[in-house]
Amino acid sequence: MDYIVLDLEWNQSATRYRAERNGILISGEIVEIGAVRVNEKMEILEKYCEFVKPECYQKMNRNVTELTDITNDMIAEGRPFKEV
């Protein structure tokens, strides 16, 4: 049996301001999706990594960049969430 291990990186507002979509306050937004498929021996069979171009928080929070090394340039080159 194979397993999928999923990793999501999120960005958030650098201020107390929260974006709103359809009446819902959004505290964070996915900016990177990573995944690996492993077998029962935990050997990596496939890898996937893609940056997501954000709609709400288009500038990386400085603290998130320090933690993840994801920059504004990286997310600017990402693709829309629905495509990724």
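**Strand pairing, salt bridges and local backbone features**

Asp2 is partly exposed, with a relative accessible area of 38%. In this predicted model, the side chain of Asp2 forms a salt bridge with Arg37, and the closest N and O atoms of the pair are 2.3 Å apart. The two residues belong to distant parts of the chain: Asp2 is in the segment before β1 (3-12), Arg37 is in strand β4, and 35 residues separate them. Arg37 is also partly exposed, at a relative accessible area of 25%. The pair is part of a network of salt bridges that links Asp2, Arg37 and Glu46.

The confidence of the prediction was examined for the chain and for its elements. The mean pLDDT of the chain is 94, and 100% of the residues reach 70 or more. Among the elements, β5 has the highest mean pLDDT, 98, while strand β2 (residues 19-21) has the lowest, 81.

Strand β4 pairs with both β1 and β5. With β1, the pairing is antiparallel and runs over 10 bridges. Gln12 stands opposite Gly28 of β4. With β5 (residues 44-51), β4 (residues 28-38) pairs in the antiparallel sense over seven bridges. Within this second pairing, Glu32 has Phe51 of β5 as its bridge partner. Strands β4 and β5 form a hairpin, with five residues between them. The turn of this hairpin contains Met42, which has a positive phi of about 65°. As for burial, nine of the 11 residues of β4 are buried, so the strand is largely enclosed by the rest of the structure.

Charged contacts were then considered over the whole chain. Side chains of opposite charge can pair when their charged atoms come close. With the cut-off of 4 Å between a side-chain nitrogen of Lys or Arg and a carboxyl oxygen of Asp or Glu, the count comes to five salt bridges. Besides the pair of Arg37 and Asp2, these include a salt bridge between Arg79 and Glu50, with the closest N and O atoms 3.0 Å apart. Arg79 lies in the segment after α2 (72-76) and Glu50 lies in strand β5, so this pair ties together parts that are 29 residues apart in sequence. Both partners are partly exposed: Arg79 has a relative accessible area of 31%, and Glu50 has a relative accessibility of 21%. The cut-off for burial is under 20% relative accessible area, so Glu50 at 21% is not counted as buried. Arg79 takes part in a further salt bridge, in which its side chain meets that of Glu83 at 3.6 Å, N to O.

Pro80 is likewise placed in the segment after α2. Pro80 is partly exposed, with a relative accessible area of 36%. When residues up to four places away in sequence are not counted, Pro80 touches Val52 and Lys53. The C-alpha atoms of Pro80 and Val31 are 9.7 Å apart in space, although 49 residues separate these two in sequence.

A nonpolar patch on the surface is formed by Met1, Tyr3 and Met42, which together have about 360 Å² of accessible area. Of these residues, Tyr3 is placed in strand β1 and counts as partly exposed, at 37% relative accessibility. Met42 is the residue of positive phi in the turn between β4 and β5.

Asn22, found in the loop between β2 and β3 (24-26), has a positive phi of about 50° although it is not a glycine. Asp69 lies in the loop between α1 (62-68) and α2, and its phi is positive as well, at about 65°, again without the residue being a glycine. Both residues are exposed: Asn22 has a relative accessible area of 80%, and Asp69 has a relative accessibility of 58%.

Note on methods
Residues numbered from 1 in each chain as written. Heavy atoms only, no water. Pairing = 2+ DSSP bridges. Helix = DSSP H or I, 4+ residues; strand = E, 2+ residues; numbered from the N terminus. Buried < 20%, exposed > 50% of the residue type's maximum accessible area, 1.4 Å probe, protein only. Contact = heavy atoms within 4.5 Å. Patch = residues over 30% accessible without salt bridge, like charges linked within 9 Å, V, L, I, M, F, W, Y side chains within 5 Å. Areas by Shrake-Rupley, 256 points an atom, 1.4 Å probe, with all protein chains shown as cover. pLDDT = per-residue confidence, 0-100.
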